[in-house]
Amino acid sequence: MDAFVINGGSPLRGTVEVSGAKNASLPIVAAALLAPGESVLLGAPKLADVSTLGLVLKHMGATVRHDDADGSLHLDTSNLHSQEAPYELVRTMRASILVLGPLLARYGHARVSLPGGCAIGARPVDQHLKGLEALGATISISHGYIEAKAPTGGLKPGHVHFDVATVTGTENLMLAAALLGGTSVLHGAAKEPEIEDLAYVLMQMGADVEGAGTETITVRGNPHLKPFRHRVLADRIEAGTLLVAGALMGEPLTVKGCILDHQERLLHCLEEMGAKFTLDGDSITISRMERPRPIDVRTAPYPGFPTDMQAQLMTLMAVGQGVSTITETIWENRYMHVAELDRLGAHIRVDGRTARITGVEKLSGSTVMATDLRASACLVLAGLVAEGETHVRRVYHLDRGYEALERKLAAVGADIKRVREP
Ligand code: EPU
């Protein structure tokens with residue numbers, strides 16, 4: 001198993017570039033299931049999660065090829081022989097559920113393993129299933145699998161009402177609706193930027209999508225979609241993580257490839273904490289802060305503060321002044337990094353959904369264990385600022401969603417290396 005060894009205290013100087021977004025790539029890879037022929041995702045990040053979804057498609061008979069020369073991902077679903085996503089793959093990545101909508105729309109049936117629980121929360125998929133039922137699907141759960149069937153003649157366009165705004169749920173329904181002749185309307189949809197990126201892809205394929213980025217999305221489907229060629233949007237969570245690295249150790253650090261609109265809430269928080277940054281096109285340059293000011297943050301669906309940045313901001317709060325708070329409203333169990341940060345000398349107490357972070361002057365290096373993707377990122381950030389050596393173990397969690405993070409950080413001055421541990 002890989003670990004990172006970080007010697008804290010090295011300043012970060014220069015420019016670091018943001019990769020393509022994991023959470024935009026996943027639904028777009030699933031969109032390749034909607035049309036025979038070769039679809040191409042440009043700028044696809046080389047991440048474990050994207051490879052896993054590639055394996056799900058391969059398992060069904062698709063050809064999947066990552067071109068190392070230009071980073072593009074080539075997907076051809078012309079000759080699928082199976083419409084099943086097996087447990088062995090789905091259990092490692094719950095977003096595999098994104099194949100359900102497209103398979104059902106194109107083939108009239110699908111068998112997808114139930115994702116089950118996950119470290120950060122229960123992660124139910126009831127809204128995905130309810131939405132597909134509203135388009136006429138019959139769904140049963142048998143032996144741990146979702147067995148979904150379309151009526152004779154296929155799914156029918158219709159109105160879907162989400163009870164909670166779900167990102168992948170919205171995407172699953174957009175994917176299904178895109179292939180149906182007629183108009184579907186998704187009410188109570190999630191508004192995350194990754195949904196807009198999927199809408200661009202579906203439009204390029206031949207569907208008409210209106211309202212992506214708002215809570216009502218209208219999809220005028222097209223039963224004859226064409227393959228796509230699309231450059232995925234920049235990863236706002238990776239960008240945010242690098243910005244926090246800059247706020248901790250930048251002298252100064254420029255993060256290039258940011259979409260400024262997507263960083264609005266984070267930049268607002270950093271500003272309140274006293275950060276100094278300058279904006280120039282798609283670059284944000286940020287410098288190290290002396291003892292950030294305390295703030296109170298609540299995670300919320302976009303455009304609120306992203307739950308996926310909560311752990312990283314906590315590291316910055318941990319070396320701030322006074323008492324900051326974070327209230328996590330999306331996931332019920334997303335504070336597993338707290339005990340690990342405390343091992344590095346942070347002073348954090350969790351009461352229900354709220355974490356109280358009392359800033360300390362210094363963190364001190366130790367061995368810590370990554371428990372999920374964003375928790376890993378917060379521990380790496382803590383290692384950059386802590387005194388002495390920090391071992392972050394189980395970085396396979398990090399590899400799910402950050403492309404070569406240690407190489408990117410080392411290139412701007414961090415003393416960080418990947419090691420193999422028994
Ligand atoms: N929910 C339901 N029923 C459903 C679906 C969701 O009750 O059928 C609830 C969830 O339990 C949760 C809330 O709705 O409380 C929001 O969940 P959502 O479905 O939006 O999450 P997701 O689509 O599974 C995506 C990202 C997550 C990110 C969340 C929230 C992808 C592949 N994943 O997950 O990203 O935390 O939205 O923004 O897009 C990460 O990248 O580290 C990550 C976990």
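In the predicted model, the shell of residues around the ligand comprises eleven nonpolar, six polar and six charged residues. The shell holds 23 residues, and those closest to the ligand are Gln127, Thr166, Thr168, Asp308 and Ile330. Residues of this shell come from both domain 1 (2–19 + 234–420) and domain 2 (22–231), and the ligand therefore lies between the two domains.

For Thr168, an N or O atom of the side chain is 2.6 Å from a ligand oxygen. The corresponding separation for a side-chain N or O atom of Trp331 is 3.0 Å, and a polar side-chain atom of Lys22 lies 3.1 Å from an oxygen atom of the ligand. The ligand taken alone exposes 830 Å², of which the protein buries 86%. Two or more residues of the shell are given by each of the elements α1 (22–31), α5, α6 (167–178) and α12 (373–385).

Leu135 is located in the loop that connects α5 (126–134) to β8 (138–142). Its relative accessibility is 1%, and Leu135 is classed as buried because this value falls under the 20% cut-off. Beyond residues up to four places away in sequence, Leu135 touches Leu155, Lys156, Pro157, Gly158, Val160, Leu173, Ala176, Leu180 and Ser184. Ala207 is 72 residues from Leu135 along the chain, and the C-alpha atoms of the two residues are separated by 17 Å.

Definitions and conventions: Residues are numbered from 1 along each chain as its sequence is written. This is a predicted model: local features need pLDDT of at least 70, side-chain atom pairs count only at pLDDT 80 or more; totals for chains, interfaces and linings use all residues. Side-chain values use heavy atoms; hydrogens and water are left out. Helices (H or I, at least four residues) and strands (E, at least two) are DSSP runs, numbered from the N terminus. Buried means under 20% relative accessible area, exposed over 50%, partly exposed in between (1.4 Å probe, protein chains only). Contact means heavy atoms within 4.5 Å. A residue is near a molecule or strand if one of its heavy atoms lies within 4 Å of it. A polar contact is a pair of N or O atoms within 3.5 Å; within protein, one must be able to donate a hydrogen and the other to accept it, and residues adjacent in sequence count only if both atoms are side-chain atoms. Accessible areas come from the Shrake-Rupley method with a 1.4 Å probe; for residues, only the protein chains shown count as cover. Ala, Val, Leu, Ile, Met, Phe, Trp, Tyr, Cys and Pro count as nonpolar, Asp, Glu, Lys and Arg as charged, and the others, Gly among them, as polar. Domain bounds come from an automatic or database domain assignment.
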